[in-house]
Amino acid sequence: MRSDYIFTSESVSEGHPDKVSDQISDAIVDLMLSKDAESRVACETMTTTQRVVLSGEIRCRPMYDKTREEWRFNNYWAPGARDEIERVVRETVKDIGYEQSGFHWETLTFENHLHGQSAEIAQGVDAGHEGSNKDEGAGDQGIMFGFACDETPDLMPATLDYSHKILHRMAQDRKDGTAPFLEPDAKSQVTLRYENGKPVECTAVVVSTQHAKGYDKGEKEAELKAYVKGVVGDVLPEGFLSDSTVWHINPTGAFEIGGPDGDAGLTGRKIIVDTYGGASPHGGGAFSGKDPTKVDRSAAYITRYLAKNVVAAGLATRCTIQIAYAIGVSEPLSLYVDTHGTAADGVTDEALEDAIRNTGKLGGLTPRGIRTHLGLNKPIYRKSAAYGHFGRDVDGDHFPWERTDLVDDLKAALGK
């Protein structure tokens with residue numbers, strides 16, 4: 001590992017068009033899980049000027065059921081189900097804050113092209129019938145990575161953690177009236193200099209935010225820029241900003257047209273923002289719009305949980321974990337731990353792999369075991385769809401993969 005370097009991560013706000021799509025897709029996941037905890041959902045959302053389009057596959061019998069003869073004339077939808085989906089979509093857009101001529105929650109055109117899940121996928125994923133020994137299989141093949149480091153109290157890469165927190169603070173200020181000149185769409189980017197593997201200085205900050213008319217010139221522009229600098233100063237640790245820090249605040253000039261009106265949005269296009277800001281590998285799969293039988297989501301959550309517990313236990317200061325699955329197969333194909341040379345004395349990566357495999361508290365790393373241990377079959381996903389899936393505070397049932405309740409078990413397994 002290099003010990004001295006400069007590194008950058010970015011974030012995007014809840015009003016970014018791709019994040020609008022992610023939040024809508026996860027709002028649909030939450031809706032389905034609230035009706036049936038065993039729902040299957042793969043919902044993709046496209047947003048553009050005054051339009052939201054849903055597509056994908058679902059299985060949620062209270063909402064959509066091919067076995068109900070009386071529903072067939074309504075394309076298998078339960079009475080009122082399509083209206084409820086539309087209501088959730090519009091409420092999500094309203095909550096984000098879009099009431100603009102080019103994208104307005106109340107007047108946008110909505111299209112729903114969701115349909116039933118493929119029976120061929122279902123037969124591979126579902127557990128066997130009573131008396132069968134077939135466990136629930138993975139919803140797809142794939143490789144998933146989890147990561148943790150001791151750069152911040154959240155055990156996240158500092159560049160990403162600060163990028164998220166800048167935009168989250170700005171969104172709060174927009175909504176509570178502290179910064180009424182802000183509009184929902186925004187992006188941030190933080191560059192830090194590292195010494196001996198630790199962040200010590202911010203060398204550059206980029207913030208581009210959609211704004212009310214006129215805030216690209218004169219006193220209003222100065223007000224906006226002063227506000228942004230104040231937020232960044234509040235978020236970053238004391239001493240990180242200096243006279244040598246380079247600032248780029250709305251560097252292209254006016255940013256009045258934003259969100260889906262300025263650029264079309266799609267579910268799953270911000271996977272590095274969602275995870276570790278480039279500080280860790282990513283398996284390639286997006287999270288939003290997928291129920292927790294999809295290991296793109298659930299296995300990424302369990303690997304974060306495991307990596308975070310390794311670092312929280314003091315067994316390493318940096319940890320990457322990879323896990324792999326085959327569609328329809330319950331047991332993982334591989335488990336890989338890399339502590340990047342930061343493991344505590346007497347701890348090896350191989351020993352950590354054994355400790356994870358043998359920790360009975362997990363109940364195994366099968367899709368069913370992961371969902372059960374973390375309690376994933378609940379409507380908890382909309383909150384995760386903006387400002388990162390990781391490094392968040394555990395809040396009731398939300399963000400259970402951020403718990404550190406495996407620390408003692410891992411220490412015991414390693415004799416620590």
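Visitor: Let's start with Tyr301 and Phe390: are they buried or exposed?
Guide: Buried means under 20% relative accessible area, exposed means over 50%, and partly exposed is in between (1.4 Å probe, protein chains only). Here Tyr301 is buried, and Phe390 is buried too. Keep in mind that this is a predicted model, where local features need pLDDT of at least 70 and side-chain atom pairs count only at pLDDT 80 or more, while totals for chains, interfaces and linings use all residues. Residues are numbered from 1 along each chain as its sequence is written, and side-chain values use heavy atoms, with hydrogens and water left out.

Visitor: What is the mean pLDDT of the protein?
Guide: pLDDT is the predictor's confidence in each residue, from 0 to 100. The mean for this protein is 94, and 96% of its residues reach 70 or more.

Visitor: How many aromatic pairs does the structure hold?
Guide: Rings of Phe, Tyr and Trp (its six-membered ring) pair if their centres lie within 6.5 Å; planes under 30 degrees apart are stacked, over 60 edge-to-face, and the rest tilted. This structure holds 15 such pairs. One of them is Tyr162 with Phe240, edge-to-face at 6.4 Å centre to centre and 85° between the planes. Tyr162 sits in helix H4 (residues 158-176) and Phe240 in the loop between helix H5 (218-235) and strand S10 (246-249), so the pair ties together parts 78 residues apart in sequence. Those labels come from DSSP runs, numbered from the N terminus: helices are H or I with at least four residues, strands E with at least two. Tyr162 counts as buried at 8% relative accessibility, and Phe240 is buried at 10%.

Visitor: And what about Tyr301 and Phe390, how do their planes stand?
Guide: Their ring planes are at 90° and the centres 6.0 Å apart, so that pair is edge-to-face. Tyr301 belongs to helix H8 (residues 295-312) and Phe390 to the loop between helix H10 (367-374) and helix H11 (407-413), so parts 89 residues apart in sequence are tied together. Both belong to a cluster linked by ring pairs, which also includes Phe147, Tyr276 and Trp401.

Visitor: Why is H10 largely enclosed?
Guide: Check its residues one by one. Six of the eight residues of H10 are buried, so the rest of the structure largely encloses it. Among them are Pro367, Ile370 and Leu374. Their cover includes H8 and strand S12 (318-325). Just after H10, Gly375 takes a positive phi of about 65°.

Visitor: In what order do the three strands form the open sheet?
Guide: Two strands pair if DSSP finds at least two bridges between them. Here the order is S7-S12-S13, with antiparallel pairing. Strand S7 (142-149) and S13 stand at the edges with a single partner strand each, so one side of each has no neighbour in the sheet. Eight bridges join S7 to S12, and Ile143 stands opposite Ala324 in S12. H8 lies across S7 and S12, at about 30° to S7.

Key. Contact = heavy atoms within 4.5 Å. Axes fitted to C-alpha atoms, helices over the stretch in contact; angles between N-to-C directions.
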